[in-house]
Amino acid sequence: MQAKVIKLIRSVAEMRSYAQSLRRDGRTIVLVPTMGGLHAGHVALATSARNHGDHVVVSIFVNPTQFSAGEDYAEYPRNLQRDCEMLRRANGADTVFAPTASELYPGSPQAQSVWVDCEPLSRHLCGPHRPGHFRGVLTVVAKLFNCCLPHTAILGLKDAQQYFLIWKLTEDLCFGVRIVGHPTVRANDGLALSSRNAYLNADQRAQSVVVFESITAARRAIENGERSPSVLRTLMEQIITESDAACLQYAEVVSTPDLQPVETITPGSQILVAVAVCFGTVRLIDNALVQAPY
Ligand code: AMP
């Protein structure tokens with residue numbers, strides 16, 4: 001099948017009127033929000049979007065407000081042409097919405113005075129380590145929903161906290177968008193694909209397998225009946241500290257969908273085990289959603 005040409009939209013007004021016309025024609029819109037720098041994980045989300053509606057919009061926008069001071073906003077990979085070509089080859093999008101920063105933040109990001117925030121679900125995991133990050137994410141996702149008018153949005157479970165926060169955003173603000181979580185796409189040795197993996201040197205890349213190994217060990221322990229979060233945290237910490245290149249930021253065990261620490265794991269509950277680990281300046285996250293046995 002010949003991969004078809006992707007429609008590229010750069011303005012908010014055009015995106016909204018195009019989405020309105022699709023809706024008038026009875027088409028269902030699926031949105032895959034991304035920041036570009038696409039890899040096979042993003043492409044898997046986009047191709048799976050085909051199963052959830054009949055017009056796939058992939059948004060590509062490096063959102064300034066979700067980067068904290070000292071993070072890699074300026075260096076974040078930007079290559080719209082390459083991203084569009086990847087999507088075209090995979091037949092992964094009908095439309096790419098790639099607004100400029102001044103389209104989504106008229107004036108400047110500093111001029112933004114209405115924000116979307118969710119303190120309870122941001123309190124743990126990445127929240128304390130990335131001040132303002134989830135406020136930036138939720139605010140830009142609200143904007144993207146208002147521009148693209150999706151019926152469904154596909155989010156990667158690699159960013160599980162973000163997935164639960166966006167699900168809560170749609171619930172609490174009545175967006176009426178169905179949120180679908182896509183499983184994490186991994187390299188052969190288990191490392192979750194991320195545009196930041198390219199910044200690991202060969203030694204760090206080899207040692208980064210401890211990230212996946214730690215959450216896999218925690219998942220297996222829960223499935224084998226372990227009920228103590230502190231035992232699980234210690235298990236994950238031990239595995240990560242086997243790597244001398246790794247610097248553990250957190251290893252946590254929280255309930256879902258509220259993302260709160262648990263004292264003991266309730267039989268039958270869904271648990272999120274999650275870690276963040278730095279290798280030099282490269283910060284990697286990973287997680288597993290686990291069904292505790294009865
Ligand atoms: P990003 O551009 O990195 O913000 O990611 C855009 C979307 O792709 C988010 O929903 C991420 O969770 C998702 N994503 C990124 N990496 C992966 C991966 N390895 N597997 C599945 N989804 C991913």
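Two strands pair if DSSP finds at least two bridges between them. By that rule, strands E7, E8 and E9 form an open sheet, in that order, with antiparallel pairing. This is a predicted model.

**The three-stranded sheet**

Strand E7 (246–255) and strand E9 (282–291) are the edges, and each pairs on one side only. From one strand to the next, the twist averages 15°. E7 and strand E8 (residues 270–279) are joined by 9 bridges in the antiparallel sense. Look at Tyr250: it stands opposite Ala276 in E8. Helix H10 (residues 229–241) packs on this sheet. H10 touches E7 and E8, and its direction makes about 155° with that of E7.

Strands of a sheet pair through backbone hydrogen bonds, either parallel or antiparallel. The next sheet shows the parallel kind.

**The six-stranded sheet**

This open sheet has 6 strands in the order E1-E4-E3-E2-E5-E6. Its edge strands are E1 (7–9) and E6 (178–182), each pairing on one side only. The twist averages 25° from one strand to the next. Strand E4 (residues 95–97) runs parallel to E1, and 3 bridges join the two. Lys7 has Thr95 in E4 as its bridge partner.

**The ligand**

How many residues surround the ligand? There are 16, and the closest are Met35, Gly156, Asp159, Val185 and Leu193. By class, the shell has 8 nonpolar, 6 polar and 2 charged residues. Which elements each supply at least two residues of this shell? They are strand E2 (29–34), helix H2 (40–49) and strand E5 (152–156). E2 and E5 are also neighbours in the order of the six-stranded sheet.

On its own, the ligand has 480 Å² of accessible area, and the protein covers 92% of it.

How values were computed:
Residues numbered from 1 in each chain as written. Predicted model: local features only at pLDDT ≥ 70, side-chain atom pairs only at ≥ 80, totals over all residues. Heavy atoms only, no water. Near = heavy atom within 4 Å. Areas by Shrake-Rupley, 256 points an atom, 1.4 Å probe, with all protein chains shown as cover. Helix = DSSP H or I, 4+ residues; strand = E, 2+ residues; numbered from the N terminus. Nonpolar A, V, L, I, M, F, W, Y, C, P; charged D, E, K, R; others polar. Axes fitted to C-alpha atoms, helices over the stretch in contact; angles between N-to-C directions. Contact = heavy atoms within 4.5 Å.
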